[in-house]
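I opened this model to look up how its chains fold and where they meet. My entries below follow the order in which I checked things.

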Amino acid sequence: MPPLPDPKGVFLNVPYDEEFSSLYIAYIVGLCQLGLAPHLASEIPGGDRRLNRIIQLIQSCRYSIHDLSRVELSSAAPRFNMPLELGMTITWQILNPNQHTWFVCESEPYRIQRSASDLNGTDPYIHGGTVEGIFRELCNAFRHDRAPSVSQMLIVYFLVASALDSVFQKNGTRNPYSRSVFLDLCSLSVSLGSCYLPGKPEI
Amino acid sequence: MLRFADETISAGTRIGARANQPHKAGYGRFDALHLALAEAANADSMPATDDRLRRQVHLVLEESAAVSIRPNSQYDEKGGAMPRPVAHITAPWPTQEEMEKSLGISKARKRALQAIVDELKTKLSNREEAPVTTIEPEKRRKRATAA
């Protein structure tokens, strides 16, 4: 039997491509600012099969976010990874209804009705492909009386994004989705987020 | 959505007869009855996830039918939307240490990042008015670059 999930854990199911990187950083910053801990499949070390690692991660997180905004054709092949991981999550949630909640995000309204019509009846969160939209929709999905404002999140986002080159240099890679860069981005978001802890006045 | 429901319609003979029309045209008994009830209630609209039902209902019912079938996604919370999953977080706000533990951030990693954090905190405290702008969507940015 799997252990109880981390109540702050959020499994992030996003496309790992360069064009998505600004939105990926926005997810990390936004979730950390909301007191939640994002997790990526690439973060788990070990030689276990990738699918097993993903299942373990889904089981260990109380929430998951599935961004289906880039399921279109790329390099002549459709991208099935995000819907596949969403399907695994839905199964886990049905078997354990009190242990997991999943959210679907999209950039365009009504597109999901065409790309994954089985999801009809569950409205996705539409972020419009913008950083601001990601923060807005995260605040809509994760409600906390003392959550920081979208403008506060944007300030932290700009700061973290401005440090990206330094983080790349420190880790010897320019891949934002690598484990080390992901953890550094989380660490920066948490450290800067503490400047905006609830109850503290806006700087 | 049920919070917004304040009227109950009972199915009588007249509604049953009306429901027979879409049922004879191939709709399930409950879909047909649902439509007839919505029409009898003078409903402005009726949410449905069934694409076929939405597309073809007006071919079956007379033109005077007042029911407009819309996809659920056209409803927002103000208008009585189909609910989206929402997490109401009531747990106490985590401390920085609790967050770092959840994220698996080691002390060594934190130490190695300290110089960058200090630099960013200085930027944060020295900043003038918040540079809050709407960031262009990826697609618009790409189009602009291509142009």
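**Notebook: chain B, then the chain A sheet**

I began with burial in chain B, where 15% of the 147 residues are buried, a residue being buried if 20 or more other C-beta atoms lie within 10 Å of its own, exposed if 12 or fewer, and partly exposed in between, with C-beta atoms placed from the backbone. I note that this is a predicted model, in which local features need pLDDT of at least 70, side-chain atom pairs count only at pLDDT 80 or more, and totals for chains, interfaces and linings use all residues. Residues are numbered from 1 along each chain as its sequence is written, while chains are lettered from A and ligands numbered from 1 in the order in which they are written.

**Confidence**

I looked up pLDDT, the predictor's confidence in each residue from 0 to 100, and found a mean of 68 for chain B, with 55% of its residues at 70 or more. The pLDDT is below 50 over residues 59-82 of chain B, a stretch that has 48 contacts in the model beyond near neighbours in sequence; two residues are in contact if their C-beta atoms, placed from the backbone, lie within 7 Å. It is also below 50 over residues 129-136 of chain B, where the corresponding count is eleven contacts. For the complex, the predictor gives an ipTM of 0.79 and a pTM of 0.70.

**Chain B and its helix α4**

I listed six helices and three strands in chain B, running α-α-β-α-β-β-α-α-α from the N terminus; helices (H or I, at least four residues) and strands (E, at least two) are DSSP runs, numbered from the N terminus. In helix α4 (residues 96-103) of chain B, the buried residues are Met99(B), Glu100(B), Ser102(B) and Leu103(B). Seen down the axis of α4(B), they fall within an arc of 160 degrees, so they line one face of the helix; the arc is that of the directions from the helix axis to the C-beta atoms. What covers these residues includes β1 (6-13), α1 (21-33), β2 (37-39) and α8 (179-193) of chain A, together with α5 (107-126) of chain B. Just after α4(B), I found Gly104(B) with a positive phi of about 75 degrees.

**The sheet of chain A**

I traced an open sheet of five strands in chain A, in the order β2-β1-β3-β4-β5 with parallel pairing, where two strands pair if DSSP finds at least two bridges between them. β2 and β5 (125-126) of chain A stand at the edges, each with a single partner strand, so one side of each is left without a neighbour in the sheet. Strand β3 (residues 61-67) of chain A pairs in the parallel sense over five bridges with β4 (residues 101-106) of chain A, and β1(A) pairs with β3(A) in the parallel sense over five bridges. Among the positions I checked, Asp6(A) stands opposite Cys61(A), Ser64(A) opposite Trp102(A), and Asp67(A) has Cys105(A) as its bridge partner. Seven of the seven residues of β3(A) are buried, so this strand is largely enclosed by the rest of the structure.
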